[in-house]
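Thank you all for making the time this morning.

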Amino acid sequence: MTRIVGPSRVRTGRTAEAIARAFLDNLHFVRGCKLGDAAPNDLYMALAYTVRDRMLAAWIKGLRGVEGPARGRIRKTVAYMSAEFLPGPHLANGLLCLGLTEPARRAMSGLGLDLDALIEQEEEPGLGNGGLGRLASCYLDSLATLGVNAIGYGIRYEFGIFDQEIREGWQAEIADTWLRHGNPWEIAKTELCQEVGLGGRTEPFRDVGGRYRVRWVPSTTVKGIPYDTPIIGYGGAACATMRLWKAEAPVGFDLRDFNAGDYYAAVEEKTRSETITKILYPNDEIEAGKQLRLLQQHFFVSCSLKDMLRLHLSRQAGLEGFPDHFAVQMNDTHPSLAVAELMRLLVDEHDLNWDRAWAITTGALAYTNHTLMPEALETWGYGLFESLLPRHLEIILEINRRFLAEVRARRPGDEALAARLSIVDEAGGRSLRMAHLATVGSHAVNGVARMHGELLKSTVLRDFQEVSPEKFGYVTNGVTPRRWLALCNPGLAALVSRAIGPGWVGNLEELRRLEPFADDGAFRDEWRRVKLANKEGLARRIREVTGVAADPGSLFDVQVKRVHEYKRQHLNALHILALYLRLKRDPAADLTPRTFVFSGKAAPSYATAKLIIKFITSTADLINGDPDIDGRLKVVFVPDFNVKNAQRIYPAADLSEQISTAGKEASGTGNMKFAINGALTIGTPDGANVEIREEIGPENFFLFGLTADEVREAKARGYDPSAALEADPRLRRAVEFIRDGYLSPQDPGLFKPLLDGLMQRDEYMVFADFGSYADCQERVDEAFRDPDRWARMSILSVARMGKFSSDRAIGDYCCDIWKVRA
């Protein structure tokens, strides 16, 4: 009898020799080529398969914990449902977490290859737009590191967030073809496909027991194919799964149409079905875009919940035990259809009565809110929803009827309250408020910073807080120290590890032990040398990409994030223009030399955000091309902000711009990534800035601007932006310079829409905060002129950032919301 053995050492060996042998095997047997004639992508793919092989034992063990037959008590699994994941490149992170970076480097060097060049070859998965997707990926990293059973459910977009180019100063969007060379990290699980219905009608009937029932008869179905990616935890002992769904037609090719000569009709269903997962966030300014977004959300929610129920029932467990097996977290409102879909599955397909199904649904689901702006809380038109999801609409209406009956019983006669709480908004054309659905259908609702949690309860979800206060809480966001310090900043990581040991990588609170080193002159010198080396590296990259020569000795003042009016990139640019005009008036002015670095994408349909990018690039052209400035100011817009570029930028920043209007940013995570890499923060009392300042000490944070309460009070009094404009000559000169066409001489009225918005409404209080911001920047100048003081502040900031690890955040979720042992 043949003896069954485990994987060979070629597949699992961890020495440089074993890695080299496995690499050559994968190059030959998987890529079909030899070392001498392999293309760069062949080499990358072979190494990626080699690293993935070494993850699979932990991954399979983790899957068995979710999928395997029940033995005693079932360990709870976290199902993290998110329309976005931004994992970033996998190769370097996998090597770090497995402890194989140096063996792999020696293995590649022995074959005449450069590991860093192979790492650079990797195409980044563009499966998210910004912080929401990156947070989801940080949380998968931490779930794996903490050994929690976890599956991240999302969509396998064929084309992710667009690649950005800057053409004549304007953003240009290019299709993100991230899959064109293949993806070695994913494994298709076609046998686990799910069918999803769309459209059609509902039919009431009586079952054999005489019970009233409803069946949904969809007009079409789509097949969801799961693609699994192992997400390795630090140390390599445990793995989470990122399970992304691809849409396919149940029958991809109609032979009858083809034989009849109708070749387009033969593939029409395939094309229509696959469109669902074609692109991240279609333009919802048009009706077809709205329809596609709703289809995407229903598709991935339905596939994911059916998969969870499959897994649960495979454990021979009753449906009442589903909340004990799965903690289902809805990451923002995109997955909020889970409330209606889980009810439909339980009532219509598993024959549970309404009350039992509702107890299961609310026991399993929890909702994370990520926005304080009412206009960003997702709604769907009643007619569109009814045409695509008629059964779900009936269920939502019944949920709403029962919920409002409870509200009216508690607050009889208060119809205004019932109208505000209703899932159905009857004003201005009927629509469905998805944040309301998520709140009603969840046992827990959390904000993502302490301030955000309080503002949720006092603003956008205030009425829900009044009727269900026990649901509300907050979990301050966190970032993984693996990618955002150990991987992206090896120089600083090595310095920190020499000082306090490497334990901080798995427990960021250990950074506290750095505090005494802030008073060590030799350590401060080393700290500055690491920062300078990082700035030199970024300067080279900036020269390659933009042609601008940045001085590494200048203050690197950085604002990188999604471009939006509330994030106020235009406040930063107005201040830069004011500094430029000051130097033109007074060339001897004592200003600290600065390099201003911007990066970020604007939504393709967001005209004002795209105009802000043009404003920044026009300011850059003006300043960088003026010989009078002599390099004292430089302005750079780095195109295509993504995880790879973020890993280059964060370690090089001296100053982190976190300048959103107070009360608008839910939390932010870029503020955390900058801070753990040694940048000091200039910021408003908004989002997680408040907690960061408390942790690192107010003396190490440059605070400016109105508070959220002051913003509300100013608007209530009838805030007049023209008064703020007239009160500050620095601002007035900058605005007049733009208004008079000097910034855009070929098109003097180019920036008129931007100025009109500021001068007439100033929705995000740019003019109101300008004076405070400019004064605070002078304090930044003063501190930077004292290198020892700046280094000390930087060291203390890093030392006190332990709270902002995603490991801590996941621990809070496990304890307070999911009831999972981490």
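By a pocket I mean an open set of grid points, on a 1 Å grid over the protein atoms alone, with protein on both sides within 12 Å along at least five of seven lines. Please keep in mind throughout that what you see is a predicted model.

With that in place, how much space lies in the second largest pocket? The computed figure is about 1,200 Å³, and the lining of this pocket comprises 35 residues, with Asp116, Leu487, Cys488, Pro490 and Gln647 lying nearest the centre. Two or more lining residues come from each of α5 (91-98), α6 (101-110), α7 (115-120), α22 (481-487), α23 (490-500), α24 (521-546) and α27 (643-649), and among these it is α24 that gives the most, with seven residues. Sorted by class, the lining of this second largest pocket holds 19 nonpolar, six polar and ten charged residues.

Let me turn to the sheet. Six strands form an open sheet, paired in parallel and ordered β20-β19-β18-β21-β22-β23. The edges are taken by β20 (633-637) and β23 (701-703), each of which has a single partner strand, so one side of each is left without a neighbour in the sheet. On average, and ignoring direction, neighbouring strands of this sheet are turned by 20° against each other.

Helix α29 (residues 689-696), for its part, lies across β21 (655-658), β22 and β23, and runs at about 135° to β23.

Finally, a pair of helices. How do α25 (residues 569-585) and α32 (residues 729-739) cross? Their axes come within 9 Å and cross at roughly 95°; angles of 65 to 115 degrees count as roughly perpendicular, and the two helices are therefore roughly perpendicular to each other. On the α25 side, the residues that meet α32 are Leu574, Leu577, Ala578, Tyr580, Leu581 and Arg585, while α32 brings Arg730, Leu731, Arg733, Ala734, Val735, Phe737 and Ile738 to the contact. Taken by class, this contact has ten nonpolar residues, three charged ones and no polar ones.

How values were computed:
Residues numbered from 1 in each chain as written. Predicted model: local features only at pLDDT ≥ 70, side-chain atom pairs only at ≥ 80, totals over all residues. Heavy atoms only, no water. Axes fitted to C-alpha atoms, helices over the stretch in contact; angles between N-to-C directions. Helix = DSSP H or I, 4+ residues; strand = E, 2+ residues; numbered from the N terminus. Parallel < 35°, antiparallel > 145°, perpendicular 65-115°, else oblique. Contact = heavy atoms within 4.5 Å. Nonpolar A, V, L, I, M, F, W, Y, C, P; charged D, E, K, R; others polar. Pairing = 2+ DSSP bridges. 1 Å grid on protein atoms, 1.4 Å probe; cavity = no way out; pocket = protein on both sides within 12 Å on 5 of 7 lines; lining within 4 Å. Points joined across faces, edges and corners; volume = space filled by probe spheres on them.
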